[in-house]
Each structure stands twice: as C-alpha cells, then as structure tokens.
Amino acid sequence: MCFVQIVVLAGGVGGARFLRGVRTAVPGAGVTAVVNTGDDVTLHGLRICPDLDTVMYTLGGGIDEERGWGRAGETWTVKEELAGYGAEPSWFGLGDRDVATHLVRTRMLDAGYPLSAVTAALAERWRPGVTVLPMSDQRVETHVVVDDPDTGRQQALHFQEWWVRLRAEPQPSAFVQVGVDAAEPAPGVQEAFDAADAVLVAPSNPVVSIGTVLGVPGMREALLATPGRIVGVSPVIGGAVVRGMADRCLPALGIEVSAEGVGRHYGARATGGLLDAWLVAPGDAAADVPGVDVRAVPLLMSSPEATADLARAALDAAGVSPSG
Ligand code: GDP
Ligand code: CA
C-alpha cells in the first residue's frame, strides 16, 4: 500500500489550524508536523512548549477555540495561588489543566527522555491523528533584541517576555536563537522529508515560527532534499497579519509585511530558496515571486470547511491529489 505522505512546518495557532485542515482534506494520508520549539520556556520549574501544545490540543480536541491556545474549560487557581505568594513571573497564563501537561513533560525530561519521546507520550492521550515532532530535541530559545527605554542600550529578552509581558511593544531589532548552534533536527524529521510527497509551509509566523524551524542546522538541507514539492501559505493577507505579531517581526529582518514580501523572503527553490509554489489571498493575486508558482485562493481559516479547502489548494499546488 502506498499512502500519501505530507510534512507540514508549523508554529502554534496558524500551524495547528492549518494542520487540522490538512487532516480533513486527506484523511488517509500520513501527516507529520515539524513544530517550532523556539517559544519554549521554563517557568515555575515547568517546561512549557507552547506551539507543540497548541498543535496537540487543537488536533486532539482539547483546545480553547476562542482563544486559540490553552485548554478548553480552563481554570486559573494555580496561577492565583502563585500570585498569592508573589511568585514571579505572574504575567504568563498558566492554566490548571495545562499545568498537568507541563508536569508530565518536565518529569519525563528530568528522567532523561528526549523532547521527541515526551511529545509522543503526551500524544498518546490526545491522539492528534498526525505525527507531531518537535523541530529538535535540543533546547533552542528565541530571544528578542530591543532597546531598553531606560538605558538606551540593547537588551535581549526571552520571546515570551517580549510577547506576553510587553505585548510585542518594543520594536525588535533582531532575533537570536539561543542554543541553535548545538541543535539538530529531531529523530524522524529527515525520514519524513525523505518520504514526503509534499511539504507544506503553514501560514505560521515566518520569523519566529518557520524561521526558527529552518534555522536548525541541517534542517534546510534535509527539507530541500525532499522529493515532494514545497508549497507555502501566506500568513499575510492584504498587507496585514491575521493575528499575532508577525507584523512586528518581519520589519526587523527587512521583510515587507505583504504576501509578496514573505514569498520573496522564502524564495524560489530553483534559485536557492524554499518554494515551488506560494498561496496568496485573492486580493494579493498580483504578488510577484520570481521562479515560484503563485496561486490566489481564499486564505482565511474561518471554518473547518474553509481550512480544508485551503489545504486542498495547497496539495493541488504540490501536485498531490487528495484522494491519494
Ligand atoms: P503562533 O505560534 O501561535 O503565533 O502561531 P503561528 O506562528 O503558527 O501562526 C501565526 C500566524 O498565523 C500569524 O502570522 C497569522 O497571520 C497567521 N494566521 C492566523 N490565522 C490565519 C488564517 O486564518 N489564515 C492565514 N492565511 N493566516 C493566518
Ligand atoms: Ca508560537
């Protein structure tokens, strides 16, 4: 038997929603998600992997749909009790249900299991219907370089502190992937690319989600060796991001906040970039990305049906028929 094999590069909310569309579009396919772990952080002694958890909860039916992250039916007693002790940081939303995930993860990591094995163990409960791989078993943490308003000097903050505590207000001048030099793609990533009929780049943040995944030494080479076509989906529609902080991140790298700008940043596979095809919104149909098959399709993941249609369009651009 020969199932269609698909790899999706993903961050958190945009990646998870797109993955859900891919799962619906090709129910019989083998789907592997390679997920950003640059947002990971240790708080209150707990190892937290926001993008892995968003993917796992979204595909496993445990996500808070409204918020896009965290558990449905969440309560916040632990957070309130920590605040009662004045235990910092108080700005991170650590839900009671979510804490159980972090406790299990931290315990397994402390016992010596690699993150990929821990992720597989957590997925036994959630049964996401796709193989969820962290980009790497090694710790890589994104830091954001900003000007300290008090001293005027540059300062590097953990991504979560910049995004959650400071609400992405200080304009970043650079992003630093702490630990990336010692990282390598997680077990299974190379094999997934080698077997892929298509690799889809989810409409995730091009800098701190997709950029971080691609920054793992060896990742880009492993991806480009895939026999499948590589198709990206723009997270920017009509010059604006749908949600999140990509519009604060792109300018730091000199990338225009537009579907064309992000497409050009990823570049054509034929000329040393990534993409064989690039999906943009109908209003961005004029986007010109030299060497790339630019296709205009509705990009809003506003419903499961709309998202599955988007996934079908991506697979079509990859030359993969959803019926397998
Ligand atoms: P995060 O880790 O939770 O920030 O999520 P991701 O990096 O996976 O995705 C964030 C990106 O998803 C943002 O840049 C958004 O513009 C994009 N996004 C969110 N919803 C949609 C949507 O419905 N359609 C498209 N095309 N992009 C979306
Ligand atoms: Ca993220």
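Buried means under 20% relative accessible area, exposed over 50%, and partly exposed in between, with a 1.4 Å probe and protein chains only. This is a predicted model, in which local features need pLDDT of at least 70 and side-chain atom pairs count only at pLDDT 80 or more, while totals for chains, interfaces and linings use all residues. Residues are numbered from 1 along each chain as its sequence is written, and side-chain values use heavy atoms, with hydrogens and water left out.

**Exercise 1.** Classify the aromatic pair of Tyr57 and Trp126.

Solution. Rings of Phe, Tyr and Trp (its six-membered ring) pair if their centres lie within 6.5 Å; planes under 30 degrees apart are stacked, over 60 edge-to-face, the rest tilted. For Tyr57 and Trp126 the centres are 5.3 Å apart and the planes at 70 degrees, giving edge-to-face. Tyr57 belongs to helix H2 (residues 50–60) and Trp126 to helix H5 (residues 115–126), so the pair links parts 69 residues apart in sequence. Helices here are DSSP runs (H or I, at least four residues), numbered from the N terminus. Trp126 is buried at 10% relative accessible area, and Tyr57 is buried at 1%.

**Exercise 2.** Classify the pair of Phe159 and Trp162.

Solution. The ring centres of Phe159 and Trp162 are 6.1 Å apart with planes at 50 degrees, so the pair is tilted. Both lie in helix H6 (residues 159–165), 3 residues apart, or about one helical turn. Phe159 is buried at 1% relative accessibility, and Trp162 is buried at 0%. Together with Phe175, Phe159 and Trp162 form one aromatic cluster.

How values were computed:
Chains are lettered from A and ligands numbered from 1 in the order in which they are written. Helices (H or I, at least four residues) and strands (E, at least two) are DSSP runs, numbered from the N terminus.
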